[in-house]
Amino acid sequence: MIITNFKTYESATGESALRLAKIHQEVARETGADIQVAVQAVDLARISQELDIPVLAQHIDPVGFGGHTGHILPESVQTAGAAGTLLNHSERRLEREVLKASIQRAKELGLVTIVCAQDPEEGASFLEFDPDYIAVEPPELIGGDISVSTAQPEIIENAAKLIGSEKLLVGAGVKNGADVRLAIKLGAKGVLLASGVTKASDPKAVLMDLAGGLK
Ligand code: G3P
């Protein structure tokens with residue numbers, strides 16, 4: 001599984017988000033790879049309506065209908081077509097109780113949860129909340145040029161032991177098929193990445209290479 005987090009990159013916002021998501025769909029179709037996109041809340045509906053690719057929110061808040069100005073309502077994300085949501089990304093950290101409640105709300109609606117953790121131990125501590133996936137991303141490697149697979153392979157091995165391969169995604173600095181291949185070999189089910197795709201001059205070529213790493 002490959003998930004591209006569009007974050008708030010300009011190349012992955014609004015019209016550009018739709019264009020980039022379309023490239024993901026093309027690559028998914030051409031390679032048969034499980035490729036998903038985590039997009040900004042305001043881009044969810046359009047991308048879900050126009051494309052046929054799993055679309056995720058980057059965050060939800062543990063609120064229901066009512067007076068919660070400025071929050072991201074899980075029901076709205078679902079109505080907009082999201083299949084699930086990232087939670088607790090390093091750039092959007094949550095208090096443990098808030099995370100627990102957010103996972104609970106997602107579960108009530110059948111939204112897939114991908115909970116981010118900064119290290120294997122923290123990731124394992126989230127198992128009690130029973131998220132669908134746990135994405136381990138060393139914060140110091142996020143947005144950089146060296147992938148977690150090459151810089152800290154022991155983190156992936158350790159995470160696979162503590163969390164189990166079925167639930168484990170890894171990310172930070174993932175840029176090419178070799179990074180993906182190594183992550184899978186070390187025990188991950190897939191990768192979560194951003195800048196390798198969002199900053200690429202030829203995102204389709206990068207995605208084709210990344211998808212090749214899943215084989
Ligand atoms: O959510 C993915 C992310 O934090 C990794 O970012 O740019 O290192 O692939 P990047």
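Glutamate 137 is located in the loop that connects β6 (133-136) with α6 (148-151), where helices (H or I, at least four residues) and strands (E, at least two) are DSSP runs numbered from the N terminus. The structure is a predicted model, in which local features need pLDDT of at least 70 and side-chain atom pairs count only at pLDDT 80 or more, whereas totals for chains, interfaces and linings use all residues. Residues are numbered from 1 along each chain as its sequence is written, and side-chain values use heavy atoms, with hydrogens and water left out.

Glutamate 137 counts as buried because its relative accessibility is 5%; buried denotes under 20% relative accessible area, exposed over 50%, and partly exposed the range in between (1.4 Å probe, protein chains only). Its C-alpha atom is separated by 16 Å from that of leucine 127, which is 10 residues away along the chain.

Glutamate 137 also belongs to the residues around the ligand, together with Asn5, Lys7, His89, Ile142, Gly143, Ala172, Gly173, Leu192, Leu193, Ala194 and Ser195; a residue is near a molecule if one of its heavy atoms lies within 4 Å of it. By class, this shell comprises five nonpolar, five polar and two charged residues (nonpolar: Ala, Val, Leu, Ile, Met, Phe, Trp, Tyr, Cys and Pro; charged: Asp, Glu, Lys and Arg; polar: the others, Gly among them).

A polar side-chain atom of serine 195 is 2.5 Å from a ligand oxygen, a backbone N or O atom of alanine 194 is 2.8 Å from a ligand oxygen, and an N or O atom in the side chain of lysine 7 is 3.0 Å from a ligand oxygen. Of the 310 Å² of accessible area that the ligand has on its own, the protein covers 100% (Shrake-Rupley method, 1.4 Å probe).

Histidine 24 is part of helix α1 (residues 15-31). Its relative accessible area is 0%, so histidine 24 is buried. The side chains of histidine 24 and threonine 4 form a polar contact at 2.8 Å, that is, a pair of N or O atoms within 3.5 Å; within protein, one must be able to donate a hydrogen and the other to accept it, and residues adjacent in sequence count only if both atoms are side-chain atoms.

Two non-glycine residues with positive phi were also examined. Asparagine 88, with phi of about 65 degrees, lies in the loop between β4 (84-87) and α4 (96-109) and is buried at 3% relative accessibility. Aspartate 130, with phi of about 55 degrees, is placed in the loop between α5 (120-125) and β6 and is partly exposed, its relative accessible area being 42%.
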